[in-house]
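Dear colleague,

Please find below the structure that I am handing over to you. My notes on the ligand site and on one pair of helices follow it.

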Amino acid sequence: MCGIIGYKGQRNAVEIALNGLKKLEYRGYDSWGISTVDEKGAHIFKKVGKIGSINLSDVKLPESSIALAHTRWATHGGVTEKNAHPHFSESKRFIVVHNGIVENYQQIKEQLKKEGYKFQTETDTEVIAQLLEKNSKENDIKNALQKTFLSLEGRNAIVVLDSKTKTLMGVRKGSPLVIGVNEKEYFIASDVPAFLDYTTDVIFLEDYEAGIINESLEFFNLKENKKITKKSEKITWTLEQAKKEPYAHFMLKEILEQPNTIRLATMQDEEELNSIANKIKNAYGSFLIGCGTAGYAALAGSYFFSKISRKHINFIVGSEFSSHQYFLTDKSLIIAISQSGETADTLEAVEVAKKKNSKVLGIVNVMGSSLMRYADYPLMTNAGPEICVCSTKAFTSQLSLLLLLAYAINNKLEDGKKLLLKTSEELKKLLDKNYLENIKKLAEKIIKENHQHIYVIGRSFNYSIALEAALKIKEVSYIHAEGFAAGELKHGVIALIEKGTPCIAIVANDEEKSAMISSATELKARGGFMIGIAPENNPVFNYWIKVPDLGNASPIVNVIPAQLLAYYLAVGLGHDPDKPRNLAKSVTVK
Ligand code: AGP
């Protein structure tokens, strides 16, 4: 899950590449590199670490009209300058960048070594460069690219700069690749924000489709070995949406956007939503799937459908789905949830389901993403670009859409919409300065007392919220946090509670309230410092964070104090909440 940007045109290509990398850094920030070609040949400049505020003058490369760049999330080979991309082929003719994992790279490497090829790095990517070098000896570059790419196993997107012909070539299978077009200039990248400053005309590549950029732009399907034509689409996102100012971090900006993004999630074609609700109603043996935060949205969805629509839908995380494929039929519906629409484990689950002739409803946030294009019924969450690696607004938009569908199944779409618009209004009132201050104070207390463990409990709708709350805290503050069903307390976990251990109880005004208060009382009895996220205060709470009582929509607002707590813990501990260590925005490898 790296970021790729390539450019060919009239402008300073190194500048375009550097700006593009800065926009793609949420995809991986272990190291970065830029390459270019001039009359003296090919040049590569690479560094370990984040790009941060590097200036163009710091990038020691000659000016040029063509460049290829990469920001890395390390999978194969340590975080070193040598392993940073781009990578040269043996003769330095080809420069390669890559997003994905070449699952058969060891076999290819061993074979190439036997043929005398030398390797400088531990990466799987360098194998692609050497294989291209070998295949270009007997083929023209298009056929060399085809032969090379078709021998790679796994989900991969590669872009090659041929220094001899000054050609950029990109091809994908499973990992995203998009081309930006403008008059006399072309961009090729992992994601649209990389070149949104320059053009909103984009062409999404499908699997095995290659884009070859020289004086003009050509497309080939390498699997079917034929030339193809492609149409460009207009991206509706604005530059402003992809900027964090006036906030210090994208995470805070995106948390505070939620009153608006919840309202935008309701902006759906009602006829389409009702028809999809009918498909859910009439489907049999269906599954809700997702990974990480999207997985917790899927879990919450299974509760919405069960309690509101009386419709049973299984929930399973994407990476575990294949073990459950044996029950899929052409009557099954897979509801796949993904912010990026590029998460490999979710896409693989969708591919498994499609092989069983099951239908796929894709709930996705990124326009033109793989899930949006694979799904039989794509639904957009309309949350706008989510740049912070830690997902916040996309989660509440996913919950909002699932809640709308649950109401639509009961032919009560209007009621669902009204409830969400009320939720948006209540949130607008809630998220004021004092509210943020109250949560910031709690974070300062937890940091001052140096707590290394935080526990979150919830029941029913709020069980998935407890899991998501713990994930947010873990992701950005690196404090160990665990969410669990409150009823599980007595079955072991309560042994972890010591004097002062911060415990968050998410208590709604529902049939689970008294049981939740009992669980909080049991934790307090063991010394837990009880933090209550609830519409009303309660004597069992040592610290209370008020949330509006919104009935079935309560889970949507209950997660927001936990998002804010995670944010203030991260900032208070000096961590970058937008780019947490070891993570990246979309996980395009298994
Ligand atoms: C959430 O904060 C994380 N970034 C991660 O768990 C994420 O939700 C997961 O990787 C799924 O991503 P997706 O929604 O783009 O599929």
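A polar backbone atom of Gln339 lies 2.6 Å from an oxygen atom of the ligand, a polar contact being a pair of N or O atoms within 3.5 Å; within protein, one must be able to donate a hydrogen and the other to accept it, and residues adjacent in sequence count only if both atoms are side-chain atoms. Ser340 places a polar side-chain atom 2.6 Å from a ligand oxygen atom, and a backbone N or O atom of Thr293 is 3.1 Å from an oxygen atom of the ligand. Of the ligand's own 410 Å² of accessible area (Shrake-Rupley method, 1.4 Å probe), the protein covers 91%.

Please note that this is a predicted model, in which local features need pLDDT of at least 70 and side-chain atom pairs count only at pLDDT 80 or more, while totals for chains, interfaces and linings use all residues. Residues are numbered from 1 along each chain as its sequence is written, and side-chain values use heavy atoms, with hydrogens and water left out.

There are 14 residues around the ligand, each with a heavy atom within 4 Å of it. Helix H8 (292-307) gives the most to this shell, with 3 residues.

Elsewhere, the axes of helix H6 (residues 258-265) and helix H11 (residues 393-409) cross at roughly 35° and come within 9 Å; axes are lines fitted to C-alpha atoms, for helices over the stretch in contact, and angles run from 0 to 180 degrees between N-to-C directions. Helices here are DSSP runs (H or I) of at least four residues, numbered from the N terminus.

Yours sincerely

Key. Helices (H or I, at least four residues) and strands (E, at least two) are DSSP runs, numbered from the N terminus.
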